[in-house]
Amino acid sequence: MTKIGLEIHCQLTNLESKLFCSCKANYRGFEPNANICPVCIGLPGSLPRLNKKAVEKATMIAMSLNCNTPDKLAFFRKNYFYPDLPKNFQITQLNVYGEHSIGQNGTILVDDKEIRIRRIQLEEDPGRLIYEGISEKTQITLVDYNRAGTPLVEIVTEPDFENERQVRLFLNILSDLLDNLDVSNPSLEGAMRADGNISIEGGNKVEIKNVNSFHDLEKALHFEITRQESLISRDIPIEQETRHWDDKRKITVSARIKEGEEDYRYFLEGDIPWITIDSQTLNKLKADMPESISSKKERYITKQIPAQVAEVLSSDKFCSDLFELAHNESNAIVIANLITTDLMGLVDTDEKREKSKLTHQHLTDLANSIETKEITRTSAKTALQECVATGLPVSEIISTLDLGHISDESELNKIIDEIFIQEPNTVEQTKTNPETINYLIGKVMEKTKGKADPTLTLNIINKKLS
Ligand SMILES: [Zn+2]
């Protein structure tokens with residue numbers, strides 16, 4: 001049996017400042033080493049001040065993952081020397097004097113399987129190393145401390161995953177959950193990183209590090225399962241080790257022997273006092289938490305939105321926010337449909353979403369125009385495209401692009417007559433195969449650029465055929 005556990009690092013990118021100083025938490029877009037101060041580059045004598053918001057947001061993550069939250073929080077120094085770590089220690093958490101990290105013993109359902117969360121801890125991100133140079137020999141390493149001190153939440157799961165597909169589903173759910181909580185933008189480069197550990201058939205545990213994307217993690221896990229199965233089939237024991245993912249060769253390679261906890265010489269961070277989180281604060285945080293994705297989904301289903309559409313809509317914060325503002329009791333299904341069938345395809349990247357000029361009012365107006373038969377559903381798609389690109393009012397778009405519905409019987413009659421002349425074979429086929437009527441309707445839609453009233457079109461065609 002395959003057992004996979006994960007360690008996921010999520011940056012709290014939506015916070016204003018770093019974990020222990022007032023430098024920007026969102027370090028992206030700065031010149032190298034421009035978003036730093038004596039605290040985050042560890043100058044002697046500088047003292048950390050804990051970011052209250054980071055504690056609150058990390059606690060919200062813990063609560064959303066059904067974790068227990070501690071009465072008291074403690075921080076520890078994890079000592080190791082590496083150029084990306086200016087202080088030579090990382091301030092993190094450790095449950096050595098009891099459960100004092102931000103959350104423990106949580107669970108989350110993934111495809112009806114319960115995945116246990118062992119622990120969640122709040123810590124600082126190290127700086128970033130950038131490797132440059134054209135060959136191995138001339139390679140140089142640059143260090144940028146802009147990221148050093150960014151609030152990071154580490155989520156450690158129990159080894160409850162049985163395959164890489166469950167891992168992918170979990171990471172998608174987690175990424176939507178963080179986005180929905182408005183604590184992080186998981187699509188930013190480096191905002192969410194995951195390492196895995198894997199053992200098969202009760203053998204030793206192998207850790208996989210250095211994985212740059214979720215997609216690569218899936219490939220690395222797949223490779224590792226195959227490698228370990230092949231060793232077992234040849235009676236070769238699997239060594240307990242850390243392996244790195246080699247992105248170029250698409251294989252895992254043996255790395256350093258894994259340090260144990262004792263190698264890091266953890267000790268209590270004396271510059272940060274123990275933090276008490278009282279029940280009043282916890283209750284307030286709970287009350288302030290955004291509605292969960294599952295609760296949104298249930299609510300959408302009560303509006304008669306199909307379960308699958310409700311699921312897609314509720315797990316996308318950008319789209320569900322638009323839906324909430326745009327819909328009312330009578331147009332919910334139409335708006336959910338416009339968003340999931342058309343809008344999601346039009347704005348499928350962060351960049352396109354930022355550029356989009358669409359407001360919730362556009363969606364409400366489009367739904368109205370469909371309902372009052374001013375435009376067809378097909379024309380609504382064209383209008384939606386225009387709304388995203390220009391932000392002009394729906395009424396203006398309909399008249400400028402001449403998207404108005406054709407429901408004039410004599411006009412449609414004329415168009416259909418022409419098509420009957422052009423398509424004598426299809427007309428003949430309808431006698432033996434009624435399905436071919438759809439082809440004729442398609443021709444009418446093509447000719448009218450989707451503006452013909454579908455019901456009226458069908459009625460006229462049927463009349464002519466009988
Ligand atoms: Zn700083």
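I'll walk you through a helix pair, a cysteine in a loop and an open sheet in this predicted model.

Quick housekeeping: residue numbers start from 1 along each chain as its sequence is written. The model is predicted, so to speak: local features need pLDDT of at least 70, side-chain atom pairs count only at pLDDT 80 or more, and totals for chains, interfaces and linings use all residues.

Okay, helices, which are DSSP runs of H or I with at least four residues, while strands are E runs of at least two, both numbered from the N terminus. α13 (residues 409-422) packs against α15 (residues 437-447) at about 120°, axes 10 Å apart; axes are lines fitted to C-alpha atoms over the stretch in contact, and angles run from 0 to 180 degrees between N-to-C directions. So α13 is oblique to α15, oblique being whatever is left after under 35 degrees (roughly parallel), over 145 (roughly antiparallel) and 65 to 115 (roughly perpendicular). From α13, Ile415, Ile416 and Ile419 meet Leu440, Lys443, Val444 and Lys447 of α15, where contact means backbone-placed C-beta atoms within 7 Å.

Next, cysteine 67, in the loop between α1 (52-64) and β2 (72-73). Buried or exposed? Cysteine 67 is buried, because it has 23 C-beta neighbours inside 10 Å; the cut-offs are 20 or more for buried, 12 or fewer for exposed, partly exposed in between. Beyond four places in sequence, its contacts include Gly103, Asn105 and Ile117. Arginine 118 is 51 residues away in sequence, yet 8.7 Å C-alpha to C-alpha.

Last, the sheet: three strands, open, ordered β4-β3-β14, antiparallel; pairing takes at least two DSSP bridges. In it, arginine 77 sits opposite phenylalanine 267 of β14.

Definitions and conventions
Contact = placed C-beta atoms within 7 Å.
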